[in-house]
Amino acid sequence: MANPEISNSEVQVQTPDVSRRDLFRIVGTGLLSAEFVTAQQAKDAHAGMAGMAAAGPKSLNGGALYVPKHLNAHHLKTLRHLGDLIMPADATSPAASEAGAAEFIDFLCSRNEELAVIFDGGLEWLDQFMKRKYGADFLTAKPTEQTAVLDLAYGSRTGSPETAGGAQFFTWVRNMVVDAYYTSPVGVKDIGYMGNGAMSTFSVPQEAVDYVMKRSPV
Amino acid sequence: MFQVQRTPVVHDVVVVGSGAGGGTTVKVLTDLGINVTLLEAGPNLVPEKDFKEHIWPWQVDHRGSGPNAESYFGKQEWGYWNAPNGYWNVPGEPYTVAPGDEFRWFRSRILGGRTNHYGRISLRFSDYDFKPQAFDGLGFDWPVTYDEMSPWYDKAEEFMGVTGTHEGIRSAPDGKFLPPVAPRVHEMLVQRAGKKLNIPVIPSRMAMLTKGIHGRAACHYCGQCGRGCQTASAFTSSQAMIFPALKTGKLKIITGAMARELMVNDEGLVRGVSYIDKATRTEKQISCRAVVVAASACESARLLLNSKSTKHPNGLGNGSGVVGRYLTDTVGYGLSGAVPALENMPRHNCDGIGGMHVYVPWWELDKKNKDFPRGYHIEIGGGLGMPQLGSFRGAAAQAGYGPSIKAAARQQYGTNISFSGRGEMIPNENSYCEIDNTKVDQWGIPVLKFHWKWQGYETKMVQHMHDTFVSFIETMGGRVPNRTFDPVASISKGGSIIHEAGTVRMGDDPKKSVLNKWSQAHEVKNLVVADAAPFNGNPDKNVTLTIVANAWRAAEHLAEEMKKGNV
């Protein structure tokens with residue numbers, strides 16, 4: 001498998017630090033075979049879950065060795081680049097390719113014909129549009145030409161009549177790139193989601209309360 | 001299926017359905033030493049396999065869309081992560097709806113039923129909910145009072161574990177509570193707004209364990225109760241009631257068993273249950289002393305209506321003709337708005353328990369001149385939740401493309417606060433289910449046909465909800481997305497809140513009701529119904545806690561009757 005971070009099967013799950021099987025053993029024994037869950041068992045379960053949640057973000061980028069499951073190599077490369085223009089790196093976090101956006105879309109295209117048509121056709125349309133307008137496909141066009149088409153497509157809520165043929169594709173690609181980004185470790189870190197762990201009691205930090213109440217009209 | 005398999009053994013009690021009502025019956029009867037055989041139409045539940053708790057989206061290739069991109073094409077109503085096994089459309093198990101009516105019938109097909117994923121909001125019905133006719137002349141009085149039901153609420157709460165505080169509010173009777181959970185930041189804002197609007201916002205009453213009880217570990221506040229809980233810290237009938245009952249040696253579970261008919265003897269009493277063994281597509285029959293039907297309100301009505309005999313030509317126990325009648329669901333409407341005070345809030349873990357930490361009980365019970373009867377409660381949503389597919393599409397669409405997408409997502413994350421109204425529907429003559437004689441499901445069982453009409457006051461209630469939610473959002477300085485509002489278009493479809501009740505109602509008069517005050521059929525003393533079908537009304541209190549309390553009471557009564565030799 002080219003990408004060690006993504007499993008091929010949708011049911012197989014990889015967890016960092018604590019093996020999921022171990023966790024279930026800890027939790028499951030208490031529930032199903034023992035008379036009571038002891039305080040220690042519950043603690044262990046929580047510690048296991050905390051360990052899972054504490055695992056640091058990792059890249060989901062399939063890298064140069066990634067073998068596409070549906071898209072052709074050129075389309076995959078185009079999609080990676082397009083994704084990085086839609087969600088580029090900034091001072092806080094890396095670009096969409098670090099979130100495995102193209103690989104995510106490629107995987108689902110391999111599982112859903114309707115989606116495959118949207119991306120095969122859309123990427124094809126994009127190259128044809130660029131060739132007609134600039135004499136080069138999207139990847140080989142100049143950076144200013146690449147952003148010029150995105151300005152047309154995403155410049156207003158309805159898009160430009162000039163790029164209307166790609167309208168469905170542009171909506172899908174942005175939606176799925178953004179989806180992929182925030183369902184990846186880099187996206188979760190960027191947005192600052194800090195949960196999916198275990199707490200022994202629930203409380204919120206006073207700092208957050210003070211910040212909001214100072215800004216609130218009530 | 002010409003060779004029907006019969007077992008010579010006579011079982012003590014056969015329970016049909018393993019959700020809140022069936023699970024409670026199993027627990028109570030096996031605790032009292034009675035042998036129980038439980039029929040469940042779906043498969044067994046294996047929490048460590050079936051519950052997707054604590055999995056990050058990137059740990060599956062499809063990130064939660066479903067293995068074939070289902071969510072992108074509207075084909076996954078509950079999302080990939082949640083625990084239900086069933087939904088409104090069950091392959092091979094259709095139902096019909098009368099022309100011009102709309103109704104959606106949710107079915108759960110797994111051990112534990114809907115309790116594996118439900119919201120776990122646990123509210124007692126109030127004194128006036130049991131005597132609504134006496135209260136305002138509408139609906140039907142129960143043959144039980146709040147005071148009679150209260151001790152069973154105590155038992156249900158103490159066993160399930162329900163958070164809460166003593167507030168002394170008539171519409172929201174206090175119970176035996178575990179400690180409440182501290183409010184999240186946006187919930188504190190809602191509390192402040194409530195103070196200004198003179199609307200109570202109190203700690204929520206939820207069946208999650210803030211302390212370990214009955215061998216179940218305390219909650220670890222991951223907020224993923226809807227996915228199912230490995231530690232059983234969120235109540236389910238499967239983990240909290242049925243698995244422990246197996247250890248008594250008194251329980252036998254038959255999964256993949258779709259009940260087809262209750263068979264009667266010459267006296268018209270139940271002698272056994274006929275079911276389809278789904279795996280082999282064969283009909284099997286088991287004999288029993290008594291049967292407890294808890295298959296969900298409409299499925300229970302269907303089973304009785306499909307059990308016709310010379311003694312019971314209109315269906316089992318249906319001399320009154322009210323089986324299937326007076327079907328209700330909850331009136332639902334929701335609105336959310338972005339609250340700028342929450343923008344760029346310092347990040348922290350605000351998962352908590354799955355769902356709200358505070359809620360609004362009905363606050364205008366004593367107000368005169370309302371244009372709708374009874375009332376509703378409000379459920380609060382919001383916070384810094386785990387990002388999912390779709391979470392930031394709106395922010396991205398506003399931003400266009402480039403660095404502004406991340407900036408917009410950071411700013412908007414956690415700023416939305418949602419309000420969901422859950423109101424009372426008073427039973428009416430035009431909302432009911434009956435057998436559709438023209439159609440069968442894949443097991444050869446005649447299907448249900450639904451009729452559904454709101455009466456009109458429900459849309460007035462929805463208007464009141466909308467106005468209230470707008471007041472809350474604007475008081476917090478928030479923005480309400482769309483001010484053009486049509487209550488008729490905005491009200492939930494019947495069945496979509498999944499609180500069906502009332503199809504096999506109880507009462508003192510056998511001419512107008514099917515069951516007596518112990519949920520035992522007037523005409524068939526060894527038949528008990530133990531889900532929400534016996535309910536004479538459907539207050540704004542969600543059904544599960546009352547299902548558990550009423551089933552507990554019914555099961556203890558059945559056990560006494562069996563002991564006395566009456567059943």
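Two rings of Phe, Tyr or Trp (for Trp, the six-membered ring) form an aromatic pair if their centres lie within 6.5 Å; planes under 30 degrees apart count as stacked, over 60 as edge-to-face and the rest as tilted. By this rule there are 43 aromatic pairs over all chains. One aromatic cluster is formed by Phe119(A), Trp125(A), Phe129(A), Tyr154(A), Phe169(A), Phe170(A) and Tyr401(B).

The model is predicted: local features need pLDDT of at least 70 and side-chain atom pairs pLDDT 80 or more, while totals for chains, interfaces and linings use all residues. Residues are numbered from 1 along each chain as its sequence is written, chains are lettered from A in the order in which they are written, and side-chain values use heavy atoms, without hydrogens and water.

The charged end of Lys52(B) sits over the ring of Tyr80(B), 4.5 Å from the centre (NZ of Lys or CZ of Arg within 6 Å of the ring centre and within 35 degrees of the ring normal).

Over all chains there are 32 salt bridges (a side-chain nitrogen of Lys or Arg within 4 Å of a carboxyl oxygen of Asp or Glu).

| Salt bridge | N to O distance |
|---|---|
| Glu556(B) and Lys155(B) | 2.7 Å |
| Arg302(B) and Glu299(B) | 2.8 Å |
| Glu561(B) and Lys564(B) | 3.7 Å |

Arg302(B) and Glu299(B) are both buried (under 20% relative accessible area, with exposed over 50% and partly exposed in between; 1.4 Å probe, protein chains only). Both also belong to a salt-bridge network with Glu93(B), Arg109(B), Lys278(B) and Asp441(B). Glu561(B) counts as buried because its relative accessibility is 13%, whereas Lys564(B), at 57%, counts as exposed.
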